[in-house]
2 protein chains.
Amino acid sequence: MRASFDLSLYLVLDPVQCGGHDAAVRVARAALEGGATIVQLRAPEWHKRAWFELARDLLPITRAHGVPFVVNDHVDVALAVGADGVHIGQRDLPADVARRLLGPDALIGLSVSNLDETADAAKRAGVVDYLGAGPVYATPTKTDASTPCGIDGLAEICAAAHVATVAIGGIQAHNAADVMRAKPAGLAVVSAICKAADPRTAASALAATIAQSRI
Amino acid sequence: MRASFDLSLYLVLDPVQCGGHDAAVRVARAALEGGATIVQLRAPEWHKRAWFELARDLLPITRAHGVPFVVNDHVDVALAVGADGVHIGQRDLPADVARRLLGPDALIGLSVSNLDETADAAKRAGVVDYLGAGPVYATPTKTDASTPCGIDGLAEICAAAHVATVAIGGIQAHNAADVMRAKPAGLAVVSAICKAADPRTAASALAATIAQSRI
């Protein structure tokens, strides 16, 4: 289990949305300058060599900002570069297997989309550090995503969860405050930063909305 | 590096071609009874949880037959189940990274499709145990495969390789003897066994052709 981490503004970095490897590095750096508190690499269309090379380039940047860097799905890529952890879905390696491979200090997040999966995750106390709950809204980013849970569904998951929960799925600047009403620990965004004309400003605005919603 | 292994009849087990998890287990068992000397799991359409569950079920079967079991691409799945090694492509994790993660005793194979990649693999002496050369023929199994190297190209690769080479790509009962003229250490087949009406008999016939071609 990771001693301390901040899910407030969780960047899911999709290098294809960013425009490739180099653009993804620039987006990550800008998002961190704008206030992103954790970065996940997720590149479902990419071969693993490209994941590895980008992960290797991202890690020193996240380290310089003191935020965790996690890899979606691929425990081997996380091990290869020495990432801080992984984020896994219900159809990836089981969480306990990921924990065994990554060790006790890794940060492990698990996607849940309903209360059954949330209850199941609670049985993995000591294995899973946080939950990613969603999709809150329908999103074109993940074509194989579950049915959207909406704000009410998200609130139920957050209330039932045994660990901190970050909301994900269709979250943009215009609905960020709404989503925060469900009391997640933070918001995960993909296109809201990866496709932003100015990722630093986009991150900064989202961070401000998140901070404001907690007052 | 693996102390000893036999590439003669190399089954690349595609569970989708077999008809699912249970059918793939049956095909693997039948192929081993028929004379398969090594088994690789490759399920490009599958999520990693399904890879993991099938790999976990295959390992005791290959162990019982005393043949190695390797996982295509996913070093994490190999680590998770304690497989004997991995087979990686040019766009997967680099071979030296896979070796570092899997340790000195793992069996690591690398796909090559031309002499440049074969020469590059030779620089990885002590890292790669064998090469998979091909595709020999065009094949619908791998839609992202390289240009077929043909029998002559295969012979060039086998002659240039620093380690044992298994031929792959479009190999079926009717062309197996032709491919063996290029002097590979063995033949890798997918549909010739996975889609066979009787995988045991198909494996047995291929094994006989391979043995005959060496006389």
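Tutor: Start in chain B: Y10(B) has A188(B) as its bridge partner in β8(B). Strands here are DSSP runs of E with at least two residues, helices are runs of H or I with at least four, and both are numbered from the N terminus. This is a predicted model, where local features need pLDDT of at least 70 and side-chain atom pairs 80 or more, while totals for chains, interfaces and linings use all residues. Residues are numbered from 1 along each chain, and side-chain values use heavy atoms, without hydrogens and water.

Student: How many bridges join β1(B) to β2(B)?

Tutor: There are 4, and the two strands run parallel; pairing takes at least two DSSP bridges. L11(B) sits opposite V39(B) of β2(B).

Student: New topic: how many residues of chain B are in contact with chain A?

Tutor: 21 residues of chain B, with 21 of chain A; contact means heavy atoms within 4.5 Å.

Student: And how many salt bridges cross that interface?

Tutor: The rule finds 2, counting a Lys or Arg side-chain nitrogen within 4 Å of an Asp or Glu carboxyl oxygen. D73(A) and K48(B) form a salt bridge at 3.4 Å, N to O.

Technical notes: Chains lettered and ligands numbered in written order.
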